[in-house]
Amino acid sequence: MVTCWNSYTTERHSLKSPWSRKKRRQPLSRQSWNGLFTIEGRFRDGGIKFLKKARSGGIEPSIRADVWPFLLGVYDLNSSEEERNAVQLQKRNIYEDLRRQCQLLSSHCYQGNMLMNIDKINGEARYDFNEDAYSAANSEDGSPRLSLSMEGSDVEDQPVYDRTPDSASRNSDDEVDDEEECEITHFDAFLAETDSSDSESSYEVLKRIPKLNPWPTNSPSSKPETFSRTVEDYATWQRIIRVDAIRADPEWVACSPAQASVSLELSKQAAEAVDLKNYDHLEPCMIRHASRLVSVLEAYAAYDPEIGYCQGMSDLLSPILTVMEDDHDAFWCFVGFMRKARHNFRLDEIGIRRQLAIVSRIIRSKDAHLYRHLEKLQAEDCFFVYRMVLVLFRRELTFQQTVCLWEVMWADQAAIRAGIENSASCRMRLRAPPTNDLLLYAIAACVLQRRKLILEKYSTMDEIMRECNSMSGQLDVWRLLDDAHDLVVTLHDKV
């Protein structure tokens, strides 16, 4: 971890750009972090200093596991250490219940109950994120989340970021054959032989899992849910999760020596626990990482069946698993992350289109000449940054750059949740006000940084898209954030 941190600080202080003359603030250190709390474990100022530090410099890697639950809303900023311990225990129990539910769903797959409604298995229960959830009250249009389904037999041939309706459509009469079912799920023998009393026990387990109500109870547009999930949907998600888990990027390994040193025996045990197959070509650390991806993503699919699982979600979870050593902690951080990101994975793409429209408005407001050029190329909808929006720059930045960007973005969102941005004194001290759309300002800044290249060399949207999809490792994340904050200062009220 020390080696990784030294290279991190060296990278940050070797910027060669007009922004390098700005005094770069140091990331939040362990010493500073420990000094923020009272003897009861509460933030002395409600978390204001903590969020300002995270917004300006990010987090020192050695304390990320302690800090991220605050940034992602797992812990309340006003909570005490005792309260957080109670919350952690409760959330651990809920995660374990979700894993039992995954086994129960797998047992129905094995028994051939593919068309059974998941809600029936859950005792007609719905999940409810409560205060941690991103409900339809916060969505763009309040419409129901549409079902995502993909042709199971062609999972490996599907483009990872193909979100067109045709690529996700499926004939409702198609059925998963017996061979595929056997490959999808293998479960403990006691589940296969569950008697009526065991079923009642499983039902009691399911009743303890929080309910999800995607409709705002105080909205005049509230109406009953129209989506329906079946065991077949869950089986499809399982297949895709396992394919994506095996293909996970090993870039994180250098930044987590403890997780990288896992033995082959332990990694195989982890794989067997989630019925992961076809991993012989992987190193032990990647076998365990893939197993953790399966465990957490399956639990999330059961937790949020509206979204379930879509390709690309594993890209968002992988850095969280690298930082959080316990699966239940990683799961709840992922739930907090998905509070906003889940709308990227809706089949109707309303969330994606809304964000692309904001990027387009930022570019139009900042650079009318560039925007007119994009109009000529019929690229003013900014579809060429689709992948950046979908997986939040994960494919364009290195692992360390990605988590730095996300930390600043999460700090903005945490400040807004806590109402800190509404304080006049805080606004005066901040160079740019917190925004829920910092990612979109960063994407617009990335395009504007390539203004000359786009104007002089590119004559089609495809050429611009190739440029955007080939910039991995070429970006300066701190210059990008400086540019994004400059855009927020000048355009936030207009956009």
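A salt bridge, for today, is a side-chain nitrogen of Lys or Arg within 4 Å of a carboxyl oxygen of Asp or Glu. This is a predicted model, where local features need pLDDT of at least 70, side-chain atom pairs count only at pLDDT 80 or more, and totals for chains, interfaces and linings use all residues. Residues are numbered from 1 along each chain as its sequence is written, and side-chain values use heavy atoms, with hydrogens and water left out.

Confidence comes next. pLDDT is the predictor's confidence in each residue, on a scale from 0 to 100. The chain averages 75. At least 70 is reached by 68% of the residues. A word on helices: they are DSSP runs of H or I, at least four residues long, while strands are E runs of at least two, and both are numbered from the N terminus. Which elements have the lowest and the highest mean pLDDT? Helix α9, residues 189–192, is the lowest at 28. Helix α4, residues 64–71, is the highest at 97.

Two stretches need care. Over residues 1–21, pLDDT stays under 50. Over residues 123–226, it also stays under 50. The model still has contacts there, contact being heavy atoms within 4.5 Å. Beyond four places in sequence, there are 34 for residues 1–21 and 203 for residues 123–226. Where pLDDT is low, the predicted coordinates should not be read in detail.

Now the charges. Side chains of opposite charge can pair when their charged atoms come close. How many salt bridges does the rule give? The count is 19.

Take Arg42 and Glu83. Their closest N and O atoms are 3.6 Å apart. This pair links distant parts of the chain. Arg42 sits in the loop between α2 (30–34) and α3 (48–57). Glu83 is in helix α5, residues 81–110. Arg42 comes out at 28%, so partly exposed. Glu83 is at 38%, so partly exposed too. Glu40 joins Arg42 and Glu83 in a network of salt bridges.

Two further pairs. Asp348 bridges to Arg346, with 2.7 Å between the closest N and O atoms. Asp348 is at 18% and therefore buried. Arg346 is at 1%, so buried as well. Arg387 and Glu396 also meet in a salt bridge, at 2.8 Å from N to O. Both of these residues are buried.

Back to helix α5, for Arg99. Its relative accessible area is 16%, so Arg99 is buried. The Arg99 side chain makes a polar contact with the side chain of Glu298 at 3.1 Å. By polar contact I mean N or O atoms within 3.5 Å; within protein, one must be able to donate a hydrogen and the other to accept it, and residues adjacent in sequence count only if both atoms are side-chain atoms. Beyond its neighbours within four places in sequence, Arg99 is in contact with Val274, Val294, Ser295, Glu298 and Ala299.

Last, helix α16, residues 327–341. Expected span is 1.5 Å times one less than the number of residues.

Conventions:
Buried means under 20% relative accessible area, exposed over 50%, partly exposed in between (1.4 Å probe, protein chains only).
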